[in-house]
Amino acid sequence: MKTQRHENIFSLETQNYQYVLGAGKSGVYHLHWGGKCRIEDFETCELSEQNSNHSVLDFTKTEYVPFGGTMYREYALKCVFDDGCRDTVLEYDNCNIKTDCIEIILKDRKYGLSVSLIYKLFENSDIIERYAVIKNESDKNIVLEKAASAEINLPGERAYTIINSNGSWGGEFRKTEQKLESGTISYESRKGTTAHHHIPALIAAENPAEDTGAVYFAVLAWDGNFKVSAARDFSGKTSAVIGLNDFDFSKTLESGEEFRTPSVYCGIANGLGEMSRKMNEFAVKNVLPKRFAYENLPVLYNSWEATGFNVNEAGQLKLAKKAAEIGCELFVMDDGWFSSRVSDKSGLGDWDVSKIKFPRGLKPLIDGVNALGMDFGIWVEPEMVNPISELYKNHPDWTYNYKTRKPNLLRNQLVLNLTKPEVQKYILDFLDKLLSENNIKYIKWDMNRPFSEIGTDNLKNGKELWYRHTRAVFNIVDELKKKHTDVQFEACASGGGRTDLGSLSHFDMVWPSDNTDPVDRLDIQQGYSLLYPIKCMRAWVTDTNKEARPVSMAFRFAVSMQGSLSVGADLTKLTKAELADCKKYIELYKKIRHTVQFGDLYRIMNYAEDKIYFTGYVNKEKTQAVYFACTGANSFFNDRDVTLRFKGLDENAVYNVKSEYRKFRKSGAYLINRGIDISYCKPLESEIFVLEKE
């Protein structure tokens with residue numbers, strides 16, 4: 001980890017790579033991102049016009065280019081100045097260099113605009129954090145109409161394959177690959193959260209593969225409207241702009257005010273697998289809230305699929321007893337515990353405990369759960385309100401609305417205007433009261449609809465709402481964490497609508513999808529694992545599709561044990577044999593949990609290519625490893641003969657290997673290079689291999 005300066009050249013060295021930029025007439029130029037070189041060998045080259053239709057900026061690799069002048073491609077910054085000028089000219093002004101950070105300061109001197117580009121290094125890492133700080137140093141307002149976090153330049157003139165997802169509710173993280181030959185590929189959200197469709201990240205590879213080929217990636221740490229726009233120009237150069245979406249965005253900077261864009265974490269890896277392992281380790285160490293970052297997440301039971309809204313003390317305790325018997329460590333009561341909440345049509349916003357369902361309050365239930373040896377958690381949806389509620393009756397102006405428009409209901413609810421301080425205070429106060437009065441160790445924070453009718457009578461610039469709302473959510477969670485230090489927070493938004501590094505900078509884990517079908521989950525979890533930490537992925541064993549697509553309890557656990565194991569099935573309806581299976585697999589998970597949650601991930605085989613999923617997790621010391629084999633649903637034609645090769649092991653060690661069906665002893669070299677031949681004859685079979693080093 002090292003930063004250097006040589007004249008107008010600036011260099012950042014990560015563990016294995018180097019990032020170089022230089023100051024010139026048109027701002028800051030991108031010079032290199034790859035293997036390490038002498039800084040003295042770099043120089044900035046001022047290009048000249050080729051003809052009247054291609055300006056110098058068409059050929060220049062820039063680090064943060066503004067709208068204006070002869071810039072016709074995607075830009076990172078757009079400003080409107082007080083006199084109506086929409087042309088920004090950024091010139092290099094100064095720099096600040098520390099061991100782990102370089103700050104490049106650009107200025108539009110005419111209008112008193114300052115832009116600081118921040119590049120931060122991390123010890124023993126190839127990740128660079130980038131963001132911009134934009135400041136108004138004039139005595140007049142400056143309006144930002146676009147403020148991206150970073151401009152990304154990829155080396156060479158090759159055509160890159162861009163990897164992202166084409167997701168939906170219940171089908172998040174379905175990986176896509178598109179070769180960017182020309183034009184632009186964009187991924188974005190306009191819904192108020194990152195939403196279910198795309199990953200707020202750039203992943204670019206010349207030849208995408210798990211174990212080979214340079215992969216360039218940039219991951220946005222934001223939970224809100226985002227935009228990633230990658231383009232390949234006529235000369236073959238590929239670049240991207242990543243950050244806040246400029247859709248309906250505006251930010252008014254008053255005199256002396258500054259605006260910090262969300263962070264982007266950029267890196268290079270040799271193959272998609274190495275990218276995932278680097279980001280998993282980096283996120284745990286540098287992104288997650290510190291309190292629980294290195295703690296094993298508990299095995300959770302959630303009551304939603306068993307009881308729905310029909311919750312009461314006796315019913316929840318009945319479930320809790322069975323959850324404790326199978327080995328769960330945390331019992332979470334879901335929706336339906338408050339005010340008039342008997343369906344999704346009423347009660348949201350009124351967060352008093354239901355006197356009908358819990359006449360004695362929550363304490364007897366929580367005490368009962370604690371007596372069973374489990375912590376207690378609870379579901380909330382703080383950002384929402386039902387029109388049938390006391391809160392809406394008393395404060396209809398607390399929602400996003402236009403007085404001239406009828407509000408659209410989604411899931412029978414409206415979105416509260418979190419840009420209002422009084423709304424933020426209401427949410428903070430009721431959650432603080434709930435946590436102060438009850439021994440609650442876990443909050444499942446849900447958010448079940450996107451924004452609409454986005455009127456804000458409190459804001460001079462209504463287009464600031466998208467950014468302000470997300471910041472308000474983060475601030476509320478941060479304040480609660482300061483006071484209630486032993487409470488863990490889960491980010492949920494109708495499933496994976498809030499699964500991103502922005503959320504994981506404040507929440508402790510995420511809910512990646514409402515779809516708990518184990519066959520579908522294999523794809524969802526593979527897509528999630530590309531960039532996000534495994535320990536933060538809640539994965540439930542449930543009854544979903546039990547009749548339509550019968551799947552063994554063994555298969556369900558083999559899927560869910562590949563994240564933070566949770567149970568959501570109706571335990572009162574399971575047979576004794578099924579409950580025994582639950583207990584057996586939970587006991588096994590606790591033995592391998594640390595390796596799964598903190599180990600190195602290896603996506604060895606996938607269904608699209610191999611008709612089987614084979615995924616491994618190896619602890620840092622390579623003393624323990626666990627591998628999950630899961631077959632697909634359509635394998636009736638022939639026996640499926642496969643060779644399972646166990647990546648990530650110590651080749652010089654000997655391992656004792658044990659699964660439900662076999663037991664053997666082999667060297668790491670043999671398991672890696674030769675592998676084990678197995679026939680899986682039935683659809684939806686699974687096998688869990690646990691390896692212990694001698």
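**Notes on cavities, the main pocket and helix packing**

1. Going by residue class, six nonpolar, five polar and one charged residues make up the lining of the largest cavity. (Nonpolar covers Ala, Val, Leu, Ile, Met, Phe, Trp, Tyr, Cys and Pro, charged covers Asp, Glu, Lys and Arg, and the others, Gly among them, are polar.) Bear in mind that this is a predicted model, where local features need pLDDT of at least 70, side-chain atom pairs count only at pLDDT 80 or more, and totals for chains, interfaces and linings use all residues. Numbering runs from 1 along each chain as its sequence is written, and side-chain values use heavy atoms, with hydrogens and water left out.

2. Who sits around that cavity? The lining consists of Leu522, Gln525, Gln526, Ser529, Ile534, Met537, Gln562, Leu601, Arg603, Tyr613, Thr615 and Tyr617. At least two lining residues come from each of α9, β31 and β32 (612–618); helices (H or I, at least four residues) and strands (E, at least two) are DSSP runs numbered from the N terminus. The space inside is about 90 Å³, a volume being what probe spheres set on the grid points fill, with points joined across faces, edges and corners.

3. The structure has six cavities of 30 Å³ or more. On a 1 Å grid over the protein atoms alone, a cavity is a set of points where a 1.4 Å probe fits but cannot get out, a pocket is an open set with protein on both sides within 12 Å along at least five of seven lines, and lining residues have an atom within 4 Å of a point. The second largest cavity comes in at about 70 Å³. It has 13 lining residues, with Phe173, Ala195, His198, Gly496 and Thr499 nearest its centre; the classes are five nonpolar, seven polar and one charged.

4. Now the largest pocket, at about 580 Å³. Its lining has 23 residues, and Lys175, Glu210, Gln526, Asn606 and Glu609 are the closest to its centre. β12 (175–179), α9 (518–528), β31 (600–605) and α12 (607–610) each put in at least two, with α12 giving the largest share, four residues. By class, the pocket lining splits into 10 nonpolar, three polar and 10 charged.

5. α9 and α10 pack at about 15° with axes 10 Å apart (axes are lines fitted to C-alpha atoms, for helices over the stretch in contact, and angles run from 0 to 180 degrees between N-to-C directions). The two helices are therefore roughly parallel. In the contact (heavy atoms within 4.5 Å), Pro518, Val519, Arg521, Leu522 and Gln525 of α9 meet Phe555, Arg556 and Val559 of α10. That contact has five nonpolar, one polar and two charged residues.

6. Helix α10 (residues 553–560) also packs on helix α11 (residues 576–598), at about 30° and with axes 10 Å apart. Met553, Ala554 and Phe557 of α10 touch Glu578, Asp581, Cys582, Tyr585 and Ile586 of α11. Six of these residues are nonpolar, none polar and two charged.

7. Helix α7 (residues 421–437) and helix α8 (residues 465–483) have axes that come within 10 Å and cross at roughly 30°. From α7 the contact takes Gln424, Ile427, Leu428, Leu431, Asp432, Leu435 and Ser436, and from α8 Ala472, Ile476, Glu479, Leu480 and Lys483. Here the classes are seven nonpolar, two polar and three charged.

Notes. Parallel < 35°, antiparallel > 145°, perpendicular 65-115°, else oblique.
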